[in-house]
Structures are given as structure tokens and as C-alpha cells.
Amino acid sequence: PTRSRILPAATTTLFAMSMPIIVTTCPTFASRPRVNVSRTVKCRAQASRMRIVQINASELSLIAAGSNLPHPDKVAKGGEDAWFVRIEKKGGGEMYLADGVGGFNERGVDPGLYARVLTYEAAKAYAAQTKNPLGNAGPKKAIQVAQEKTRLPGASTMIIVALDGNILKVANLGDSGFRVVRHGKVVLASPAQEHYFNCPFQLGYAPLSEDIDSASEAQEFEFEIQPGDLVIVGSDGLFDNVFDEDIVAVANEAVAKVAGAGAFSAAMAASRALVTVARRNAEDPLCESPYAVELTKQNKSSTEAANAKGPLGLLSALASNAGSVMTGRKLGGKLDDITVIVGAIVATNAAHEDIAATERLSQEMQKEADVMKKRAAGEEAKTARSVNLRKQMDAALKDKVAQQEAATKAEAARPREFSTAIIENMDAATIRRLLEERGLPTSGKIERLRERLGNVRTDR
């Protein structure tokens, strides 16, 4: 979907999904219609992943803070987004965000629980990987482990952003995303990963659903980061309601208001300002939001397709899109859970207080996550019983089908008691008598009676 209106001025190459991605290093914002950011971030297949040579640089830290506003109807349960941040004294840092798929509410399932456990398992997996020098550490691997270990009903998108030295490593599956802001400009923007409009890729527990995506399909990004950069991670509640140039403007204004207060305060201020603006746009019926722009394109395509089908098809399309018949476009934002995490890139040796503040936030979130995980144990046990019962039922059905097939095969192998030639020479009375002796029906036309007698098998 259209999420940004930026025109490139200069380009640099990074790598995503084992493919080169071209992004702007010094973009300029145009006043003419917005350019689809997914067109400035294109993936091309390569046989193998190319290495990125890291230059010598001061060790960096990702000072992160986040904010969340649940959908008004989901405030009581805290919404269905989940997020987490972590940092170590030596630098680096990670940001995690999962957006539970709301459609599961119709099945009596809380997708927020799936998203929270998924985030918990991803953070746990990444921490374990980084402690193992021989392990294959990385955000995508952490998502894979998390999907395997989150054994609950539900589904969720997921993004992990991690700072490794001076390289920002990202894995993203679905329509959450991230932006890197440098000197007041977006220098990297992830495209939404969707099967079709408003249907993102999503993780789930395979034994409960075949209609899910795999963590192996997550897009990967690596980008050389600099001190002073802002990394903005958001659920689709942000990117559906706020264009990229507005995201930059709001973040810059919020940071400026707390100038001198430190990177943690700047990250917190920016995240709060962004969720506030996103909610305001979502509730504004006249807002020309990114979601509305994309929806207008989808409706235009459906109307053109209907027009090709003739007057009746066009009439039906116009009736279904009555709200945009007069203006030619859809208006309004998309009301949703909104989560924004902002990470400020700073030199580690100059950010001890900010690192400590991020550590405290991370520790508080970890305590809440540990409590949540214990509460989720009951649902996990219930899910395990359901999965085992389904396996037993599938095995029993498989055995029954196998027995039926074996019986049918054995019956077909038994010789017929009467050949076709013999039956053809029998009169009706004889055929009925033989059928009666064998406990078979004797009513019906003579052709049907002959067929019935011809199916009689011997006991040998």
C-alpha cells in the first residue's frame, strides 16, 4: 500500500531478503502526489547473500521507548498489539513489535495473547542466540524460534529491529514496519508485506491452522546506522493513518520540545506524539489517510473491472462504493490499535543515563511479560490437549479409512459366485430365489437383479 511520498536524490545499497534494496540517503519531499515507498524499496533475487563490510565506528546504542493506544473497543484487555525493548550496558539494543490479527475475536480467541507470547519468545530466543558465539543469531532466526514455541490459537505480524555494532538488522513479516530518519529525512522505509490489500502475512501455530505464513518468509534488512538517527517502528495503526513526511515532522517536533533532556526522553516524546496524531487521524472522517488513498485505488480498480462486465456490473460497483461516488475518493482513517516504538541511535560511551533508563523500562516490561507468560500456561495446556485430541482423531480416521480400503480390496479379490454368462441364462424366478437365499433384496427390474447377483462373492 502507498505509505510514503518521497523522491530520491541520492541512493545507497543495502541488503534485504538476500537481495539488494535501493533506498534514499538524502530524499526530498515532493509537493506533487506521493510516490509509493514500495517502489523505492525493491527486491531482486540473488543466488546468495552478499556480505556487508562494517567500517570501524564508535560502539552505538539503541535508546528505545514506546507508546500504545488500543482500539477504543479493546481498551479493557489492553488491545492486541505487543511490544518490547531491550538494551545492554555495552551497547546495541532491540525493539520488538507484534500485531495480533483481530479476526480471531470472531472465533472466541484473543489474538493479543498470541502476540504477547510471540514477542516474549522472540526476545528470549534472540537473547539466547547472542550469548552463543557459535549460534546463528539474527532477528529472522528469533522470529522462527518464536513461531515454533508460541503454541496458541491466533495469528500475528511481527517485526524485530536489532542494533549490531553499527549495522541495523531487521526482520519483518506483515504490515507493521519501520522507518529510519536521518537529518529530518526518511532514508529507509520498509514495504508492507501483504497477500492482497488489507491482508498481511501473519504467523500462527501450524497444528491449528494451515492458512498461515512461515517466519522463513520474513523480509530482512541490514543498514549502516549513524549517531543521531531515529528508528521508528510501528504497527499498521501508525502507517495506515500517517504519511511518512508527517511521521518525520511529528517526531522532529516532539524531539525538539525535549531538547537537552536526553535520548530516552526524546524517544518517549516522539512515540507519544506519533500515537496521538495517528489516533486523531484514525478518528477523523475527513482525513485523507494512507489507508483511504489505497482504498480509493482498490475501489477504482474494482469499478474498472465491473465496467468491463457491462452496465449491471458497473451499477453494482457504484452501489457498493456509494460513499466515494461524488468525490471519487475515500476519506477517513482506519481505527485500530496503534503502537509506536522510537529508537535513538547514540554513542554508547556518551549515553550512560539513557542506557540506564532504557534498562529500567526493559526490566519493568520483562516482569510484566513473565507474569503474562505464566497466565498463558493454562491456554497453552488447553491448546496442547486440543492438538493431541485432533492428532488422535486424525489417526483414528486414517486407521478407519485404511481398514475400509483393505476390506474393499479384499472383497474385490474374492471370486464371484456366479459368472455373467451363467446369470444371463437364468430366469427371473431363479435369480430372485438365489438372492433371497443370500439375504439380498429381490425387488426391482431384472437387469438390476442380475447385477446384484453378479456382485455376490464366494467365501473362499
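1. Asn198 lies in the loop between β12 (194–196) and β13 (199–200), where strands are DSSP runs of E with at least two residues, numbered from the N terminus. Its phi is near 65°, a positive value in a residue other than glycine, and Asn198 is partly exposed at a relative accessible area of 36% (buried means under 20%, exposed over 50%, partly exposed in between, with a 1.4 Å probe and protein chains only).

2. The model is predicted, so that local features need pLDDT of at least 70 and side-chain atom pairs count only at pLDDT 80 or more, while totals for chains, interfaces and linings use all residues. Residues are numbered from 1 along each chain as its sequence is written, and side-chain values use heavy atoms, with hydrogens and water left out.

3. His183, in the loop between β10 (177–182) and β11 (185–189), also deserves a look: its phi is positive, about 55°, although His183 is not a glycine, and the residue is exposed, with a relative accessible area of 73%. Most residues other than glycine have a negative phi.

4. Leaving aside residues up to four places away in sequence, Val233 touches Leu97, Ile159, Phe178 and Ile341, among others (contact means heavy atoms within 4.5 Å).

5. The structure holds zero disulfides, a disulfide being a pair of cysteine sulfur atoms within 2.5 Å. Cys199 is buried at a relative accessible area of 17%, and Cys287 is buried at 11%.

Technical notes:
Helices (H or I, at least four residues) and strands (E, at least two) are DSSP runs, numbered from the N terminus.
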